[in-house]
Amino acid sequence: MNSSFSLLRIRVLLVSFLTLICILLPSLPCAHATSATPVGETHVAKWKGNRKAVFLLMFDDSWPSHWQVAVPELVKRGMVATFYVVPRKGEYSKFEKEWKKVVEQGMTLGNHTMTHDGFQGAEDSEMEIGGCTHYLLDFVPGKNPRLISFALPGVTDYNFGEGNSLKSLLGQTSPRGPW
Ligand SMILES: [Zn+2]
């Protein structure tokens, strides 16, 4: 008799507790937040700020017109772009100081190999791709290692080397890889 009475008391307490929760739940702050959006109108944003679309601006080959014309125009409009540079190309190396300013103005530099001349074999491809990544890690302030964007030059004369691939080369140039 005593044990069934205790069981009944527990049941009554449990029902009372659940009833209290149901009464309080709509007044909790989190419940208010979710009830503000009518059912059927909630959606997951595809892009930041619920924008309809995004686009990327990318420039390659480190031409002086990039920092002379494109960068000032981008800055005027509050826009950014990625510039795929070629550190051993004359048009880049002669104006390295200008490229430093490009970085300081919020633009991103990407890896477009050291020479843009293609590469033959493992050692050459590691110098071209890995060398450019290491150059950028030193040249652009930031975390090391970090992800560096890569664009393969539009040349047909290249060979990653026996057992090498673009993926393995990009993975070797950073402890974070392969990705
Ligand atoms: Zn190019």
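Before anything else I wrote down the burial cut-off: a residue is buried if 20 or more other C-beta atoms lie within 10 Å of its own, exposed if 12 or fewer, and partly exposed in between. I also reminded myself that this is a predicted model.

I looked at Asp61 first. Asp61 has 17 C-beta neighbours inside 10 Å, so I put it down as partly exposed. Its phi is near 85°, a positive value in a residue other than glycine. Asp61 sits in the loop between E1 and H3.

Asn50 also went on the list, with a positive phi near 60°. I found Asn50 in the loop between helix H2 (29-35) and E1. It counts as exposed because it has 9 C-beta neighbours inside 10 Å. I noted these angles because most residues other than glycine have a negative phi.

Then I checked the peptide bonds. The one joining Asn144 and Pro145 is cis, with omega about 10°. Pro145 is in the loop between H6 and strand E5 (158-159).

**Overall layout.** I counted seven helices and five strands. Along the sequence they run α-α-β-α-β-α-α-β-β-α-β-α. The chain has 179 residues, and 18% of them count as buried.

**Helix H3.** Does the length of H3 agree or disagree with its residue count? It agrees: 13 residues at 1.5 Å a residue should span 18 Å, and the end C-alpha atoms are 18 Å apart. I did find a bend of about 35° at Ala70, with Pro72 following within four residues. The buried residues of H3 are His66, Trp67 and Val71. Their cover includes strand E1 (58-60), E2 and H5. Just after H3, Gly78 takes a positive phi of about 65°.

**The core.** The largest nonpolar core has 20 residues, and Phe83, Val85, Trp99 and Val102 have the most contacts inside it. Elements giving two or more residues to this core include helix H3 (64-76), strand E2 (82-85) and helix H5 (96-104).

**Confidence.** The chain averages a pLDDT of 83, and 75% of the residues score at least 70. I flagged residues 29-33, where pLDDT stays under 50 and the model has two contacts beyond four places in sequence. I flagged residues 175-179 as well: pLDDT is below 50 there, and the stretch has 11 contacts in the model beyond near neighbours in sequence.

Methods
Residues are numbered from 1 along each chain as its sequence is written. This is a predicted model: local features need pLDDT of at least 70, side-chain atom pairs count only at pLDDT 80 or more; totals for chains, interfaces and linings use all residues. A nonpolar core is a set of buried Ala, Val, Leu, Ile, Met, Phe, Trp, Tyr and Cys residues joined through C-beta atoms within 7 Å. The expected span of a helix is 1.5 Å times one less than its number of residues. The bend at a residue is the angle between axes fitted to the seven residues ending there and the seven starting there. Two residues are in contact if their C-beta atoms, placed from the backbone, lie within 7 Å. pLDDT is the predictor's confidence in each residue, from 0 to 100.
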